[in-house]
Amino acid sequence: MMLFDALLGNVGAARGALARGDIKSKCEHVVKAVRILEEGLKGSLNMAEGGDLAANLLGVYDYCVLRLTQ
């Protein structure tokens with residue numbers, strides 16, 4: 001839950017920074033959000049025992065990383 005809260009907080013902060021034209025801050029928050037996805041959420045998936053749920057979450061997290069970096 002803490003990772004999701006931090007992820008949503010950083011995405012919201014990035015959107016706010018983008019609206020203000022603060023590109024440096026936007027980039028910092030996007031980087032933090034991507035790290036949470038890559039190192040925290042994807043890193044905690046148990047692909048061997050997670051079955052379809054773990055595979056689906058991996059796909060969602062990959063999509064989120066792609067969209068954030070676009």
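The secondary structure here comes to three helices and zero strands. This is a predicted model, so to speak of its contacts is to speak of computed values. From the N terminus on, the order of elements is α-α-α. Along its principal axes, the C-alpha trace spans about 45 × 25 × 15 Å.

Helix α1 covers residues 2-20, and helix α2 covers residues 23-41. The axes of α1 and α2 come within 8 Å and cross at roughly 160°. Angles over 145 degrees count as roughly antiparallel, and therefore α1 is roughly antiparallel to α2. The crossing of these two helices is left-handed.

Which residues of α1 and α2 make the contact? From α1 there are Leu3, Phe4, Ala6, Leu7, Asn10, Val11, Ala13, Ala14, Ala17, Leu18 and Arg20. Facing them from α2 are Ile23, Ser25, Lys26, His29, Val30, Lys32, Ala33, Ile36, Leu37, Gly40 and Leu41. Sorted by class, this contact has 15 nonpolar, four polar and three charged residues.

Now the second pair. Helix α3 runs over residues 47-69, and its axis comes within 10 Å of the α2 axis. The two axes cross at roughly 165°, which means that α2 is roughly antiparallel to α3. This crossing, too, is left-handed.

On the α2 side, the contact is made by Val30, Ala33, Val34, Leu37, Glu38 and Leu41. On the α3 side, Tyr61, Cys64, Val65, Leu68 and Thr69 take part. The classes in this contact are nine nonpolar, one polar and one charged.

Some α2 residues turn up in both lists. Val30, for example, is in the contact with α1 and also in the contact with α3. Ala33, Leu37 and Leu41 are likewise in the contact with α1 and in the one with α3.

How much space lies in the largest pocket? The figure is about 190 Å³. The pocket is lined by Val11, Ala14, Arg15, Leu18, Lys26, Val30, Arg67, Leu68, Thr69 and Gln70. The elements that give two or more residues to this lining are α1, α2 and α3. Helix α1 gives the most, with four residues. By class, the lining has five nonpolar, two polar and three charged residues.

Technical notes
Residues numbered from 1 in each chain as written. Predicted model: local features only at pLDDT ≥ 70, side-chain atom pairs only at ≥ 80, totals over all residues. Heavy atoms only, no water. Axes fitted to C-alpha atoms, helices over the stretch in contact; angles between N-to-C directions. Parallel < 35°, antiparallel > 145°, perpendicular 65-115°, else oblique. Left-handed = near helix turned anticlockwise from the far one by under 90°. Contact = heavy atoms within 4.5 Å. Nonpolar A, V, L, I, M, F, W, Y, C, P; charged D, E, K, R; others polar. 1 Å grid on protein atoms, 1.4 Å probe; cavity = no way out; pocket = protein on both sides within 12 Å on 5 of 7 lines; lining within 4 Å. Points joined across faces, edges and corners; volume = space filled by probe spheres on them.
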